[in-house]
Amino acid sequence: LTYSAFVDDSRSGNGDGFLEVGEKVDLVVEVKNAGKGESKEPTIFLKNRGGAEIAIEEGRKKMSGLKAGESSVDKLTFSVKESGKNAKLQVVVFDPDAGVLWKEKLEIPIREKSPQINK
């Protein structure tokens with residue numbers, strides 16, 4: 001399995017791509033089966049490695065099975081509670097059938113609010 005992830009704040013935020021206090025944010029994760037066999041139950045997890053700056057809303061998703069070469073996209077959700085720090089997260093991708101476990105640490109800056117643009 002391989003994966004990629006990005007932050008999407010368009011559903012419950014202002015859509016500028018930055019973490020800001022008060023936003024509910026999706027971490028969009030794409031998982032691809034790069035192996036030769038089927039991945040029957042790939043699961044993704046989102047963990048808070050920091051403190052009270054974020055709150056995990058939906059931190060675990062069991063994805064549908066992936067045949068070799070197939071990919072799937074799902075969302076994990078968290079809320080931004082405090083500014084002035086980085087959101088310290090960990091993404092875990094797990095395939096129990098293959099015994100594959102990947103962990104990656106992420107640090108994403110949190111802004112107080114979106115800067116004003118003068119016209």
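The protein has nine strands and zero helices, where helices (H or I, at least four residues) and strands (E, at least two) are DSSP runs numbered from the N terminus. Read along the sequence, the pattern is β-β-β-β-β-β-β-β-β. This is a predicted model, in which local features need pLDDT of at least 70 and side-chain atom pairs count only at pLDDT 80 or more, while totals for chains, interfaces and linings use all residues. Residues are numbered from 1 along each chain as its sequence is written, and side-chain values use heavy atoms, with hydrogens and water left out.

**Overall dimensions and surface**

- Taken along the principal axes, the C-alpha atoms of the protein fill a box of roughly 55 × 30 × 20 Å.
- The accessible surface of the protein comes to about 6900 Å², and 46% of this surface belongs to carbon and sulfur atoms; accessible areas come from the Shrake-Rupley method with a 1.4 Å probe, and for residues only the protein chains shown count as cover.
- Of the 119 residues in the protein, 33% are buried, a term that means under 20% relative accessible area, with exposed meaning over 50% and partly exposed in between (1.4 Å probe, protein chains only).
- Among contacts (heavy atoms within 4.5 Å) between residues at least 6 apart in sequence, 63% join residues at least 24 apart.

- An open sheet of five strands has the order 2-9-8-4-6 with mixed pairing, and two strands are said to pair if DSSP finds at least two bridges between them.
- Strand 2 and strand 6 (60–62) stand at the edges with a single partner strand each, so one side of each is left without a neighbour in the sheet.
- Strand 2 (residues 19–20) pairs with strand 9 (residues 100–111) in the parallel sense over two bridges, and leucine 19 has isoleucine 110 in strand 9 as its bridge partner.
- Strand 8 (residues 86–95) pairs with strand 9 in the antiparallel sense over ten bridges, and the bridge partner of phenylalanine 94 in strand 9 is leucine 101.
- Strand 8 and strand 9 also form a hairpin with four residues between them, and glycine 99 in the turn has a positive phi of about 70°.
- Strand 4 (residues 43–48) runs antiparallel to strand 8, to which six bridges join it, and lysine 47 stands opposite glutamine 90 in strand 8.

**The nonpolar core**

- The largest nonpolar core has 20 residues, and Leu19, Val31, Ile44, Leu46 and Phe78 have the most contacts inside it; such a core is a set of buried Ala, Val, Leu, Ile, Met, Phe, Trp, Tyr and Cys residues joined through side-chain atoms within 4.5 Å.
- Strand 3 (24–32), strand 4, strand 7, strand 8 and strand 9 are the elements that give two or more residues to this core.
- Not counting residues up to four places away in sequence, phenylalanine 78 touches a set of residues including Leu19, Leu46, Ile54 and Leu89.

- Lysine 81 has its place in the loop between strand 7 (71–80) and strand 8, and it counts as partly exposed because its relative accessibility is 46%.
- Lysine 81 and glutamate 23 are 58 residues apart in sequence, and 8.0 Å apart in space, C-alpha to C-alpha.
- Leaving aside residues up to four places away in sequence, lysine 81 touches Val21, Ala52, Glu53, Ile54 and Ala55.
- The charged end of arginine 111 sits over the ring of phenylalanine 18, 4.0 Å from its centre, by the rule that NZ of Lys or CZ of Arg is within 6 Å of the ring centre and within 35 degrees of the ring normal.
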